[in-house]
Amino acid sequence: MAVSDGADQRELSADEQRLHELGYAQELRRRMSGFSNFAVSFTIISILSGCLTLYGYGMNTGGPAVIIWGWLGVGFMTLLVGLSMAEVCSSFPTAGGLYYWSAKIAPRNGAAWSWFTGWFNFLGQVAVTAGIDFGAALFLNALLDLQWNFAATPGHTILLYGLILLLHAILNQFGVRLVALLNDVSVWWHIVGVLVIVGVLAFDPAHHQSAGFVFGHLVNNTGLGLGWIYIVPIGLLMAQYTFTGYDASAHMTEETHDAATAGPRGIVASILVSLVAGWVLLIGVTFAIQNYSGEATSATGVPPAQIFIDAIGATGGKLLLLIAIVAQLFCGMSSVTANSRMIYAFSRDGALPGSSLWHRVNRRTRTPTNAIWLAAVFAFLLGLPYLYNYTAYAAVTSIATIGLYIAYVMPTYLRLRRGEEFRRGPWHLGRWSYLVGWTAVVWVVIITILFLLPQAGPINWKTFNYAIFAVVAVVGFAGIYWLVSARKWFTGPKVQGTPEELAAIESDLK
């Protein structure tokens, strides 16, 4: 298929042709391979981030048995959610991803479905960026405290948090080629890092916990006088939060070759590899516990750091901590990338206040510069309550998990309602679509309720799970905005123009 605007004539690739069919010009550079697409999701899942930054939460909320078996159970259910998402991604490989899917699949009221899917995705993306970089700040503060007595105080952590977000915003200015390269490096850093950490913890410590302790010991240090029927489910947050961010493969499809198959494969592969590698990591760390109560309440604020030091000594412990911190920095950089692409796409369709500002593309780097900075600033604001609420990090991870998973499952729910009218892409589940899809929907309903519940006691302003406030605020804002204004003008994803007009947009960017 040839397209001409009178000044430029060229043959479209299959990816560009499909993007034109979906209504968009190729404004972003398509330079990512299938491996790089997988790498961005695997990096954001980041087992060396989620598993370790919430490991202390797991130690106090369920203990080893919930950490180890919860990881497998949550991983399996997450795989079902990812498989359902991947099937839809294959049909609609666009940077808008989830909200675009909802608009195109909904049997009726597509604009409303698209609007709320997009806002939940926006909430989740901002919160997961906050969760990742805040976790990196906690770990970095712990290392600086151990090495140079830079005390692990809320003020110091917030300072480091802001600097890390600044670094990630700057790195994302340089274009997708640098981001793709760093993500490729990140995959191997994570895999080799897990092997090094587990290998050292397996052979160096003089003492290891018993298998009965690792696979069967339960702990409730939440301060909540409730039974295991409550504590065990809310303890699943560690695993479920870690398994977030794989929608990045969908958001990066406009920059990926063979997007209709590479995007879905990136989603599924990132979950599977993380499931296996994460379980190995968690088993290795749990066997290496030397002093459970002391490590769970470590003065560093980072229980894994204390586990490393108690198990192999100060120098070795700091080196293992550094491996985790570098992985977390890779993870945060990729999260800003995915978040900015979602903001760019949602603004391209006029859904965010000030949309004309957020969807601008830098002509030199072909990156959505303003969207990158918006993602970083919003993430920073979400982490500020840590200055007065010590459970704030768990609340941020709850917000990320709830926002993202609601957005993940809304297109799946609509696809199930559409039935055989749904036009499948080259990657699909065949006859398994309905069983996998409905199971995923039910699971997301369950975890949405779970992670709004209190996580620590006694319940007061210092321990309250403010996730419900953030979720209600975004839903309320999006709902009121929709009723008062957006329903009159937001019609869902916009078509940028005719094939000739799309070619002209692309030519103008050269």
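## Helix α17 from end to end

How far apart are the end C-alpha atoms of helix α17 (residues 314–348), and what should its 35 residues span at 1.5 Å a residue? In this predicted model, the end C-alpha atoms of α17 are 50 Å apart, which agrees with the 51 Å that the helix should span.

Now for its surroundings. Of the 35 residues of α17, 28 are buried, so the helix is largely enclosed by the rest of the structure. Buried here means under 20% relative accessible area. After α17 comes Gly350, which has a positive phi, near 80°.

Leu159, Leu163, Leu166, Ile170, Phe174 and Trp373 together make a nonpolar surface patch of about 560 Å². Which helix gives the most to this nonpolar patch? That is helix α8 (residues 154–171), with four residues. An α-helix has 3.6 residues a turn, so residues three or four places apart point the same way.

Take Ile170 as one member of the patch. Ile170 lies in helix α8, and its relative accessible area is 37%. Because that value falls between the 20% and 50% cut-offs, Ile170 counts as partly exposed.

Is Phe203 buried or exposed? Phe203, which lies in helix α9 (residues 176–203), has a relative accessible area of 74%, so it is exposed.

Key:
Residues are numbered from 1 along each chain as its sequence is written. This is a predicted model: local features need pLDDT of at least 70, side-chain atom pairs count only at pLDDT 80 or more; totals for chains, interfaces and linings use all residues. Side-chain values use heavy atoms; hydrogens and water are left out. Patches are made of residues with over 30% relative accessible area and no salt bridge: like charges are joined within 9 Å, nonpolar side chains (Val, Leu, Ile, Met, Phe, Trp, Tyr) within 5 Å. Accessible areas come from the Shrake-Rupley method with a 1.4 Å probe; for residues, only the protein chains shown count as cover. A salt bridge is a side-chain nitrogen of Lys or Arg within 4 Å of a carboxyl oxygen of Asp or Glu. Helices (H or I, at least four residues) and strands (E, at least two) are DSSP runs, numbered from the N terminus. Buried means under 20% relative accessible area, exposed over 50%, partly exposed in between (1.4 Å probe, protein chains only). The expected span of a helix is 1.5 Å times one less than its number of residues.
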